[in-house]
Amino acid sequence: MQLRFTSTTPSFQHPPQANMSLKRKAGDIAVDASKKAKNASITSFFGAPKPNPPAASSTTEAAKTATPGLAPESAPAKFDKDAWVAKLSAEQKELLDLEIRTLHESWLGALKDEIVSKEFLNLKKFLQAELKGSTKIFPPMEDLYSWSRHTPLHNVKAVIIGQDPYHNDNQAHGLCFSVRPPTPAPASLRNIYIALKKDYPEFKPPPNKGGLLTPWADSGVLLLNTCLTVRAHLPNSHAQKGWERFTQKVIDTVAKKRTRGVVFLAWGSPAQKRCAGINTTKHLVLKSVHPSPLAAHKGFFDGGHFKKANEWLESRYGKDGIIDWNLNVAPEKAGL
C-alpha cells in the first residue's frame, strides 16, 4: 500500500539540499542549554540526573542556546522554578519530587499547571503505590523524563509518538523505541531502520546492532510514549491511569509553542488519534501503520517519512533545520 502525504501544506519540489549526506560532523547535533550547563541532560544514564539549570533571564539569552534553524521566538519564556516550588503544598512537593528534579525546566514551565491538577496528582499516587509493591516498573524512575532533558521544548523539530515503554529488562530508558547498549534493537526499531535505509541508502544504524536513539533526541526529535510507565513484562499495564492526559498536553504544547511548525510522525492508530487536533496548515502530520512486525508490511517501509520530514523542515527553517538521521555514533558521543 502506497502511503499518501497527509499534510494539507501545499506541495513543494524536492529541494536540492534535502539530498544531504547522513555523515555526522562534529557539532552537527545541536547542544541544548542544559547540556552547556552540565546539569539538565543525562551525561550518564546510570544514576540520578543533576538539577536543571536556572531559567534563561530573557528570551534573547535563551535563543542563543536553541537548536540552529529554529524560530527565535520559540526560546523558552522566563520561569522562576524556585518561586513556583515554594508555593506548592508539602503533599504536592512530595508527589512531584521527580518532576521537580528531573523534568527539564523548559517543559516544567509549560506543564506546571497540568502537574498540579487532581488527575496528575492521582496518577502520582498510583505510581507511588506501584513502586511500593514487588513488581518492577519500567523505565527506571530517574529515566522517566529523559525525553524532556534530551529535547527541550524550544528545540523540538519533530515528534515521534510511541505507545507504552518496552516492558522487558534493560530496554526502556524514557525515549520511545530507544534502548541502551548492549541491548540489541527490538523488532519495531529494526523495521524503522529498514524504512530509513530506503530514504537514505547511506544510513548507518547504531554500532553492534544497537538501538540507542539519543542522537535523534539531541537533534530535536521528541521521542515520546503515550504512556510513560509500565509493569515489568505486562504491556499496557499502566494504560488509562492518567499518562494519556499528560502526554496529550505535551503534544498540544508542542503544537502551540513551536509556531513555525513541527513534523509529527504518527505511526499506528493510537499515535494518529493523539495528532487529531493538530493544525495541519501550520504543522506536518505524517501517518502510517505502526512499524511493528505485525503491521509494517502494510505500508510503513514505503512511506518515505524521514525524507519527507527533512524536505518540509528545510522548506521552513533552511538547511540548518533538517535532522541528521545517522545513528552510527559511539556510545560516549551519543549521551552515554
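The strand to be examined is β2, residues 158–162.

Analyst: The account below begins with the basis of the model, then turns to the strand, its partners and its setting. This is a predicted model, in which local features need pLDDT of at least 70 and side-chain atom pairs count only at pLDDT 80 or more, while totals for chains, interfaces and linings use all residues. Residues are numbered from 1 along each chain as its sequence is written, and side-chain values use heavy atoms, with hydrogens and water left out.

The protein has 13 helices and six strands; helices (H or I, at least four residues) and strands (E, at least two) are DSSP runs, numbered from the N terminus. In strand β2 (residues 158–162), five of the five residues are buried, so the strand is largely enclosed by the rest of the structure. Buried here means under 20% relative accessible area, exposed over 50%, and partly exposed in between (1.4 Å probe, protein chains only). In a regular strand the side chains alternate between the two faces of the sheet. In β2, Ala158, Ile160 and Gly162 point one way, Val159 and Ile161 point the other way, and all are buried.

Two strands pair if DSSP finds at least two bridges between them. β2 pairs with strand β3 (residues 221–225) in the parallel sense over five bridges, and Leu222 of β3 is the bridge partner of Val159. β2 also runs parallel to strand β5 (residues 263–267), to which three bridges join it. Here Ala158 has Val263 of β5 as its bridge partner.

Val159 is also among the contacts of Phe264, counted beyond four places in sequence; contact means heavy atoms within 4.5 Å. Other residues that Phe264 touches include Ile251, Val254, Ala255, Cys275, Ile278 and His283. Phe264 is also one of the residues that touch the most other members of the largest nonpolar core, which has 82 residues; Trp107, Tyr145, Trp147, Trp216, Trp243 and Phe246 are the others named. The largest share of this core, six residues, comes from helix α11 (residues 243–257). A nonpolar core is a set of buried Ala, Val, Leu, Ile, Met, Phe, Trp, Tyr and Cys residues joined through side-chain atoms within 4.5 Å. In soluble globular proteins, nonpolar side chains tend to be buried together.

The loop between β2 and α9 (187–199) contains Pro182, which is joined to Pro181 by a cis peptide bond with omega of about 5°. Asn170 is found in the loop between β2 and α9 as well. Its phi is near 60°, a positive value in a residue other than glycine, and at 60% relative accessibility Asn170 counts as exposed.

Lys124, placed in helix α7 (residues 118–132), is buried, with a relative accessible area of 7%. The side chains of Lys124 and Glu99 are joined by a polar contact of 2.7 Å, and a polar atom of the Lys124 side chain lies 2.8 Å from the backbone oxygen of Leu95. A polar contact is a pair of N or O atoms within 3.5 Å; within protein, one must be able to donate a hydrogen and the other to accept it, and residues adjacent in sequence count only if both atoms are side-chain atoms.

For the protein as a whole, 56% of the 336 residues count as buried. Among contacts between residues at least 6 apart in sequence, 75% join residues at least 24 apart.
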